[in-house]
Amino acid sequence: MQRAASVMDVAATFRAWKDVPFAWSVLITSLGLCLFLVEWNQGHPEQLLMLDALPVSLLGVPVGFLLVFRSNNAYDTWYSGLVKVHAVLSCTKNMCRLASVWMANLGETGLRVQRWTAAFLLAFRFSLRPNDHLCREALQELFPDREEVEKMMKLHRMHRIYYCISRIEGLVKNEAGKGKVSGQLLADVQTELAKMMEVVEGCELIYKNPIPGSYLVHLRRILYIYMGLLPFSLYKYIPPLAVLPVHLLLCFAVVGIEVNAAEIQEPFGDHPSDIPLDSLCIITLSDFIVMGSGYATPGDSSGKGYVK
């Protein structure tokens, strides 16, 4: 997992600015318009290119509302994703704690429950950041049985999560049928599994439903129009040489809101502004070790060495 995280961090450095071309296109277009406006009005004083401030101000009203909605929606999505990821990690820790409590009674079955709990966490991580090669490598460290790993790898990324949950529930129910697990403990396990399923489906909803493209296209078109008309209204109220710096400053402020919203609108990506899913999963696996998980070697806090 640590090696997977480092690979993701390097790749994220080069993909973090995917929406910068939009910002640069607006700034360059605005720069060209300002230079053209100043040059034209100096060469043709009898035909000044100017606009009244009222139309541009009216256009700024919907632009402001769209940007507020855009930034609020992006942050709400990011925060909702963070809360759901925390809930998944909390549920897996609770499941590991329950397994460690009755580890002495269940023996090998308790160890298998812990391993499948760790497998669930890995399947969850790779469902949000798909990478079959790294997923297979992590599962092979967890399970000595290569057939089990290949069986999971043939499943859809979400089906791997459901498969892990079904295996945990099946193991616990089997022990309950033998009288080794109390009814209360079985109920606690089923409650945690239900929470895990619910939160995972919530993460999948965020993952597969980004902001509608039609809204994004409409917002950016209006931004282009607004920032293109703005220098023609500024020229009437400020000195000609001040049009360019003032307009570029306004472009930086307005377009920066859109760029920042684009950075956080998909919280499960691998950008620096996204949720640090890799490091959180590694920390959780280390917590498994502290809670007495049998699939890691003592003293190993790196998140590696899943198999005892």
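Trainee: What sits over the ring of phenylalanine 126?

Mentor: The charged end of arginine 125 does, 4.2 Å from the ring centre. A charge counts as over a ring if NZ of Lys or CZ of Arg is within 6 Å of the ring centre and within 35 degrees of the ring normal. This is a predicted model, in which local features need pLDDT of at least 70 and side-chain atom pairs count only at pLDDT 80 or more, while totals for chains, interfaces and linings use all residues. Residues are numbered from 1 along each chain as its sequence is written, and side-chain values use heavy atoms, leaving out hydrogens and water.

Trainee: How many salt bridges does a search of the whole structure find?

Mentor: The search finds 9, a salt bridge being a side-chain nitrogen of Lys or Arg within 4 Å of a carboxyl oxygen of Asp or Glu.

Trainee: What does arginine 129 form a salt bridge with?

Mentor: Its partner is aspartate 278, with the closest N and O atoms 3.2 Å apart. Arginine 129 lies in the loop between helices H5 (108-128) and H6 (132-142), whereas aspartate 278 belongs to helix H12 (residues 277-290), so the pair ties together parts 149 residues apart in sequence. Helices are DSSP runs of H or I with at least four residues, strands are E runs of at least two, and both are numbered from the N terminus.

Trainee: Are arginine 129 and aspartate 278 buried or exposed?

Mentor: Both are buried. Buried means under 20% relative accessible area, exposed over 50%, and partly exposed in between, with a 1.4 Å probe and protein chains only.

Trainee: And which residue does glutamate 204 meet in a salt bridge?

Mentor: That is arginine 157, at 2.7 Å from N to O. Glutamate 204 is in helix H9 (residues 183-208) and arginine 157 in helix H8, so this contact ties together parts 47 residues apart. Glutamate 204 and arginine 157 are buried.

Trainee: Changing topic, how many aromatic pairs are found?

Mentor: There are 5 in the whole structure. One of them joins tyrosine 75 and tyrosine 79, stacked at 6.3 Å centre to centre with 20° between the planes. Rings of Phe, Tyr and Trp (its six-membered ring) pair if their centres lie within 6.5 Å; planes under 30 degrees apart are stacked, over 60 edge-to-face, and the rest tilted.

Trainee: Where do tyrosine 75 and tyrosine 79 lie?

Mentor: Both are in helix H3 (residues 53-101), 4 residues apart, about one turn of the helix. Tyrosine 75 is partly exposed at 44% relative accessible area, and tyrosine 79 is partly exposed at 45%. Ring pairs also link Tyr75, Trp78 and Tyr79 into a cluster.
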